[in-house]
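This report describes selected strands, a nonpolar core and a few individual residues of one protein model.

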Amino acid sequence: MDDPNAHPDKAAMSASFLGIFRRNLSSGEVVLLNRDSSGNVANGNFKSPRINADGTRAIFSASFVGFIDNKKMIASLPGNTGFDLYVKDIPGGNVWGLTETTDGTAHAGAVGTEHAISDSGSVVAFASSSDKLIPGSDAGASRNDFFDVFRADLGPAGAVALTLITKSPTDSGNVNYVNGPFLPGTGNYVAFGTDQLTEMGYEDSFGSHGLGVGNFSTGGSGPLAFADWAMDLPAGERGYFDNPSGDRVGNLVKYFIGSNPALPDLSHLPGKGIATGETLGLPGDFSDYLTISVRIRRDRPAGFAWTVQAAASPADMSSSPLTATQVGGAVADGDFDEFLFRYPTPIDGSGNGYLRLAVTAP
């Protein structure tokens, strides 16, 4: 019989309930995940693991962590008989606690079993019945049949930015999730089921019905790097000018305007129009102006810039473009802003005018 002390993990986990492991199916390597950032084994009842695309980060829940012997995943979290949710950085050892409360007390709610992690491992979606995770969550620890859904953007070494996903767009309170949350590879959308259609702004009908709800792109953790945005695209098609979807709109433009690079998606392309000066804020000017509306990612890393250019001809656009005139201020659209621009002069009787969105990157 093998000596249990011959394997350090066996000895260290002799007092725990359930451990969480990652197994490499190619090499057979097994890694114990319920360790703190210093490599010490934490004891508790660990369950419901999920892992990102390349196996470098995992999410799992656990109860009784640090409650009996103070062997915790994160020293600052109180010992808890109930469930907490953790993210483990497997190569580096960093640990993120997703259920740290606003008042420093233990997470007194339940957590759902269908939490999810994005392919890159930078975004997590989960459900909790606690009302103490972020301001605005209203599930209530005493109502373990009522959950809010949260999105967690992971920053450096333990930093977490939570967003409440189940807030009603009609401001009629938060809605209870029935199933999910589900998180596609990029983490740009969170889908969940609810039977509260009216609160979500839809006409209700008899019985319970599921509803997929889109999340407002990747927010909460600062500018989204282009490389992270393109990570889920096929290898060799992640460059600025690659077009993996075949719709002739390059990755860089889709990054700026928020279209899906993996699918033929022409949504959010600049929209052209014609409007009178009067409607564009020029009193008494009833001349026609060429206009263009653009949707632009608000938070961008340094070096990613854009402008709307104007010219009387394609040749002028290439050699000496003008700057179009912005009309009014920006209108927020989630993590993007909508802008309206006009040609600098009226187009009445002047022939053609051209407007275009120009984007640049480092």
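The model is predicted: local features need pLDDT of at least 70, side-chain atom pairs count only at pLDDT 80 or more, and totals for chains, interfaces and linings use all residues. Residues are numbered from 1 along each chain as its sequence is written, and side-chain values use heavy atoms, with hydrogens and water left out.

**Strand pairing**

Helices (H or I, at least four residues) and strands (E, at least two) are DSSP runs, numbered from the N terminus. Two strands pair if DSSP finds at least two bridges between them.

| Strand pair | Bridges | Direction |
|---|---|---|
| S8 (residues 123–128) and S9 | 6 bridges | antiparallel |
| S9 and S10 (residues 160–164) | 5 bridges | antiparallel |
| S15 (residues 305–311) and S19 | 7 bridges | antiparallel |

Strand S9 (residues 148–154) has 7 of its 7 residues buried, so the rest of the structure largely encloses it; buried means under 20% relative accessible area, exposed over 50%, partly exposed in between (1.4 Å probe, protein chains only). Asp148, Phe150, Ala152 and Leu154 lie on one side of S9, with Val149, Arg151 and Asp153 on the other, and both faces are covered. Asp148 stands opposite Ser128, while Ala152 has Leu162 in S10 as its bridge partner. The hairpin of S9 and S10 has 5 residues between the strands, and Ala157 there takes a positive phi near 30 degrees.

An open antiparallel sheet of 3 strands has the order S16-S15-S19. Its edge strands, S16 (322–323) and S19 (354–360), each pair on one side only. Ala310 is bridged to Leu355 in S19.

**Nonpolar core**

A nonpolar core is a set of buried Ala, Val, Leu, Ile, Met, Phe, Trp, Tyr and Cys residues joined through side-chain atoms within 4.5 Å. The largest one has 23 residues, of which Phe226, Tyr255, Phe256, Val294, Val308, Phe341 and Leu355 touch the most other members. Two or more residues come from each of H2 (226–229), H3, S14 (288–297), S15, S18 (336–342) and S19. Beyond residues up to four places away in sequence, Tyr255 is in contact (heavy atoms within 4.5 Å) with residues including Phe226, Trp229, Arg297 and Phe336.

**Two single residues**

Lys254 lies in helix H3 (residues 251–257). Lys254 is buried, with a relative accessible area of 0%. Its contacts outside four places in sequence include Trp229, Asp247 and Asp265.

Ile68 sits in the loop between S4 (57–65) and S5 (80–89). Ile68 counts as exposed because its relative accessibility is 64%.
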